[in-house]
2 protein chains.
Amino acid sequence: MARKDQQRTDVGLRLKEHLLNTGLSRASLRQLATAAGVSDRMLLYYFDDKADALNTAFGLIAADLTLALDMAVPEGTTLSMTDLIRTVTDLTLAPDTKPYFRLWTEAIAGVLREPEQFEQIVKLIASGFLTWIEARLEGGTPESRQADAAMILAMIDGLALLEICTDEATARLAAERMKQGV
Amino acid sequence: MARKDQQRTDVGLRLKEHLLNTGLSRASLRQLATAAGVSDRMLLYYFDDKADALNTAFGLIAADLTLALDMAVPEGTTLSMTDLIRTVTDLTLAPDTKPYFRLWTEAIAGVLREPEQFEQIVKLIASGFLTWIEARLEGGTPESRQADAAMILAMIDGLALLEICTDEATARLAAERMKQGV
DNA sequence: ACAGTTTTGTAGCGATCGCTACAACAGGAA
DNA sequence: TTCCTGTTGTAGCGATCGCTACAAAACTGT
């Protein structure tokens, strides 16, 4: 049992890296196993099934992302809407965190293709994002902060999508335009 | 040859409806054929391969969407940024056009999973959107309109994603918030 | 009627999918 | 030693994937 638990965390970390590097395009059971340096047979020994393996990896990814967000705007500090938009849009397009947002958009689209696999974890992470943003908005009422947070999350997601369907330059253009307000 | 051409257009229309109804989750060759009321063998007789069939359907879908956009804001007319945002965000969440934007987000995510299948057509449609928006923005310089258009497209895409990863109410909240400016 | 082309059905290819049955191994406890 | 639990490899299941070979049928022009 000791070995199994150890491998669950080790392999989970390698799966996380693999997903960040290649997205969901190479996420079959055998491909995941190879990327993690184990056999497909053993991957299903460490994890209940493919969904369990993916959920574990996504959990680690969400934790990473939350950490990065907290580094940028620590808990307890609040920013003006403009400053918060500036911070999170920069993060969305930053080289270090970009893979996270790419995977995030893939996971959202996954909700439409395979809800049983993605819906639960995606909605969980999304509501986490929303409360994170709300807690860091200064001023206004709780209702206004809720609306602001929804808009900001839409902006982040929109930027990530825009970069995919056009190019990085266009996404940066949109980001800069967002920062200066409508 | 006459029959083949006729079927190409008829089956293409049925594929379009199928994709709008079910997205990309039921888009295997056999599933597409069944939905179009033909055998998989015949689907590959009417179209070169699966990519050809999908591209044909996406072409029809893009044409539909362009038509809907032109109905909302005809060519030649220009709107203020606020009014244009109001118009397109309403369109994004309207029951009639929502399936189009859902499929649009699936196609964008498809670029990451299967670039050879989706990249070309997605970038084509995206640049079409951008020029459509630019042409309908009043005032400003060409450069400012380009940035504005990029931001608006990001907003639309972001709303579509937000609705998937949270719910319709949250997406409407974000849309209303976008309309009143930052 | 005939030949030639277009259209269609049957059947199956090789590859990959998620997953499992089964037996062989290891290591520690008795 | 013996047994038992935990770990691993081999091999393969049934299903689906995109696509194709082959030949029969249907249609066309002469």
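This report describes a predicted model of two protein chains, A and B, with DNA strands C and D.

## Overall architecture of chain A

Chain A contains nine helices and zero strands, and when read along the sequence its elements follow the pattern α-α-α-α-α-α-α-α-α. The C-alpha trace of chain A spans about 55 × 35 × 25 Å along its principal axes.

Of the 182 residues of chain A, 41% count as buried. Where contacts in chain A join residues at least 6 apart in sequence, 59% of these contacts link residues that are at least 24 apart.

## Helix 4 of chain A

Helix 4 of chain A runs over residues 50-72, and its 23 residues should span 33 Å at 1.5 Å a residue, which agrees with the 33 Å that separates its end C-alpha atoms.

The buried residues in helix 4 of chain A are A:Ala53, A:Leu54, A:Thr56, A:Ala57, A:Phe58, A:Ile61, A:Leu65 and A:Leu69. The elements that cover these buried residues include helix 1 (2-22), helix 2, helix 3, helix 6 and helix 7 of chain A.

## Packing of helix 5 against helix 9

In chain A, helix 5 (residues 81-93) packs against helix 9 (residues 168-179) at an angle of about 170°, and the axes of these two helices are 9 Å apart. Because of that angle, helix 5 of chain A is roughly antiparallel to helix 9 of chain A, the cut-off for this description being an angle over 145 degrees. On the helix 5 side of chain A the contact is made by A:Ile85, A:Arg86, A:Thr89 and A:Leu93, which meet A:Ala171, A:Arg172, A:Ala175, A:Met178 and A:Lys179 of helix 9 of chain A. By class, the residues of this contact between helix 5 and helix 9 of chain A are five nonpolar, one polar and three charged.

In chain B, helix 5 (residues 81-93) and helix 9 (residues 168-179) likewise pack at an angle of about 170°, with axes 9 Å apart, and helix 5 of chain B is therefore roughly antiparallel to helix 9 of chain B. Here B:Ile85, B:Arg86, B:Thr89 and B:Leu93 of helix 5 of chain B meet B:Ala171, B:Arg172, B:Ala175, B:Met178 and B:Lys179 of helix 9 of chain B. The residues of this contact in chain B comprise five nonpolar, one polar and three charged.

## The interface between chains A and B

Contacts between the two protein chains involve 40 residues of chain A and 40 residues of chain B. On the side of chain A that touches chain B, helix 6 (98-113), helix 7 (115-135), helix 8 (142-165) and helix 9 of chain A each supply at least two residues. Helix 8 of chain A provides the largest share of that side, with 15 residues. The residues with which chain A touches chain B divide into 23 nonpolar, eight polar and nine charged.

In chain B, helix 8 (residues 142-165) has 24 residues and reaches 34 Å from its first C-alpha to its last, close to the 34 Å expected at 1.5 Å a residue. This helix 8 of chain B is mostly covered, with 21 of its 24 residues buried.

Two or more residues of the surface near DNA strand C are given by each of helix 2 (29-36) and helix 3 (40-46) of chain A, together with helix 1 (2-22) and helix 3 (40-46) of chain B. Helix 1 of chain B gives the most to this surface, with four residues. The surface near DNA strand C divides by class into six nonpolar, four polar and eight charged residues.

DNA strand D is surrounded by 18 residues, and the closest of them are A:Arg3, A:Lys4, B:Ser28, B:Leu29 and B:Lys50. The elements that give two or more residues to the surface near DNA strand D are helix 1 and helix 3 of chain A, along with helix 2 (29-36) and helix 3 of chain B. The largest share of the surface near DNA strand D, four residues, comes from helix 1 of chain A, and the classes at this surface are six nonpolar, four polar and eight charged residues.

## A position in helix 7 of chain A

A:Leu124 is found in helix 7 of chain A, and it counts as partly exposed because it has 14 C-beta neighbours inside 10 Å. A:Leu124 lies 16 residues from A:Gly140 in sequence, and these two residues are 25 Å apart in space, C-alpha to C-alpha.

How values were computed
Residues are numbered from 1 along each chain as its sequence is written. Chains are lettered from A and ligands numbered from 1 in the order in which they are written. This is a predicted model: local features need pLDDT of at least 70, side-chain atom pairs count only at pLDDT 80 or more; totals for chains, interfaces and linings use all residues. Axes are lines fitted to C-alpha atoms, for helices over the stretch in contact, and angles run from 0 to 180 degrees between N-to-C directions. Angles under 35 degrees count as roughly parallel, over 145 as roughly antiparallel, 65 to 115 as roughly perpendicular and the rest as oblique. Two residues are in contact if their C-beta atoms, placed from the backbone, lie within 7 Å. Ala, Val, Leu, Ile, Met, Phe, Trp, Tyr, Cys and Pro count as nonpolar, Asp, Glu, Lys and Arg as charged, and the others, Gly among them, as polar. A residue is near a molecule or strand if its C-beta atom, placed from the backbone, lies within 6 Å of it. The expected span of a helix is 1.5 Å times one less than its number of residues. A residue is buried if 20 or more other C-beta atoms lie within 10 Å of its own, exposed if 12 or fewer, and partly exposed in between; C-beta atoms are placed from the backbone.
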